[in-house]
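Let's walk through this one together, a question at a time. Take a look at the sequence and the structure first.

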Amino acid sequence: MILKQRKLVTIVIESSLARRLEQDLLACGAKGFTSSAAHGTGPRNLRASDIEGGNVRIESVVNNEVLELILEKLKLDYFPHYALSCWVSQVEVVRDDRY
Amino acid sequence: MILKQRKLVTIVIESSLARRLEQDLLACGAKGFTSSAAHGTGPRNLRASDIEGGNVRIESVVNNEVLELILEKLKLDYFPHYALSCWVSQVEVVRDDRY
Amino acid sequence: MILKQRKLVTIVIESSLARRLEQDLLACGAKGFTSSAAHGTGPRNLRASDIEGGNVRIESVVNNEVLELILEKLKLDYFPHYALSCWVSQVEVVRDDRY
C-alpha cells in the first residue's frame, strides 16, 4: 500500500495546560490530536511531588509546514515558561488528506 | 546491541470498537498490542461532544507482511465507516522473535 | 528549526514493575520519562486474565549511549524474567540539552 510521509509531534505537558495546548495545535493547522493521561519526570521537575503530578501526553500527525508553526509556538509561548517535553518522529499515513 | 527493523502501527479509535480492532490485529498476525485510554479530535469529529468522547490508542509492533494485512483490513472494514486515525513508524527491536 | 537526533525507547511492562523500571531508566542516565496506564497482550501472555491485567507504557527520549545502557539493563535484568515489550525509534528534539 502506498503511504505518505508526515510528522508525528508528541508533547508531554502538565494537565492544567493541556486544553490550551490542544487548541494551539489546532490553531497552527493540525487537523486533530490524541491525548492520554500520563505521569513522569524530566530534568526540571525531579521533586517527588512532581513525579506524582498529572501530565497529559498529546500527539498529532501533521505536515512539515504545520510542524514548523507548532515548534515556533512552543518555542515562543511554552518552552520559556513550562516544563514540557516535545519530540518529533517520521511517520507514514494511508490517507494523506486527513493530516 | 544489534537491533532488528520492524513497523509500529498506531491506531486511535472510539472505545466501542477497540476490542474488535484488537482481535482483528491478532487475526492479521500481530503477536501482541498495547492499548491506552485517550481522547482527542480529528477532521471528521470536531464537535464538542466528540472531543470529550472516549477513544482508545492501540499500537502494535509488526513485520512488513503483517502491516500490509492490517492496512488492508483497515481500508476495507474500518476507514469507510469509522473516524479512526492510523499512522506507521519505523522501529527497532532487540528480540525479533517476539514481533 | 534545527532539530537534534535522539532515540525514543518505549517499554510496556506490568504495573508492579513500573516504578522499578522507571528508577532504572534514570540510573542509566535518562533525564526523564513519561508513563501511561495501558493494557494489552503479547506472545507470552495470551491468557484472558493477562489481557485484562494492568500494564504501564513507559517512554524516554535518550542519546545513543544511554540507550545502550538501558538495553543492556533490560537484557540482563528484565527480558529473562518478565513479559515486557520494548521498541526503539528515531526522534528529533528542539532542545538537545534536555535529553
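A salt bridge here is a side-chain nitrogen of Lys or Arg within 4 Å of a carboxyl oxygen of Asp or Glu. This is a predicted model, where local features need pLDDT of at least 70, side-chain atom pairs count only at pLDDT 80 or more, and totals for chains, interfaces and linings use all residues. Residues are numbered from 1 along each chain as its sequence is written, chains are lettered from A in the order in which they are written, and side-chain values use heavy atoms, with hydrogens and water left out.

Q: How many salt bridges does a search of the whole structure find over all chains?
A: Side chains of opposite charge can pair when their charged atoms come close. Searching the whole structure, over all chains, gives a total of 12.

Q: Which residue of chain B forms a salt bridge with A:E59?
A: The pair crosses between chains, running from strand β3 (residues 55-62) of chain A to strand β3 (residues 55-62) of chain B; strands are DSSP runs of E with at least two residues, and helices are runs of H or I with at least four, numbered from the N terminus. The closest N and O atoms are 2.3 Å apart, and the partner of A:E59 is B:R57.

Q: Is B:E59 buried or exposed?
A: B:E59 forms a salt bridge with C:R57, the closest N and O atoms being 2.3 Å apart. This pair also crosses between chains, from strand β3 of chain B to strand β3 (residues 55-62) of chain C. C:R57 has 5% relative accessibility and counts as buried. B:E59 is at 2% relative accessibility, so it counts as buried.

Q: What separates A:D77 and A:K73 in helix α3?
A: A:D77 and A:K73 form a salt bridge, with 2.7 Å between the closest N and O atoms. A:D77 is partly exposed at a relative accessible area of 23%, and A:K73 is partly exposed at 27%. Because they lie 4 residues apart in helix α3 (residues 64-78) of chain A, their separation is about one helical turn.

Q: What pattern does chain A follow along the sequence?
A: Chain A has 3 helices and 4 strands. Read along the sequence, they give β-α-β-α-β-α-β.

Conventions. Buried < 20%, exposed > 50% of the residue type's maximum accessible area, 1.4 Å probe, protein only.
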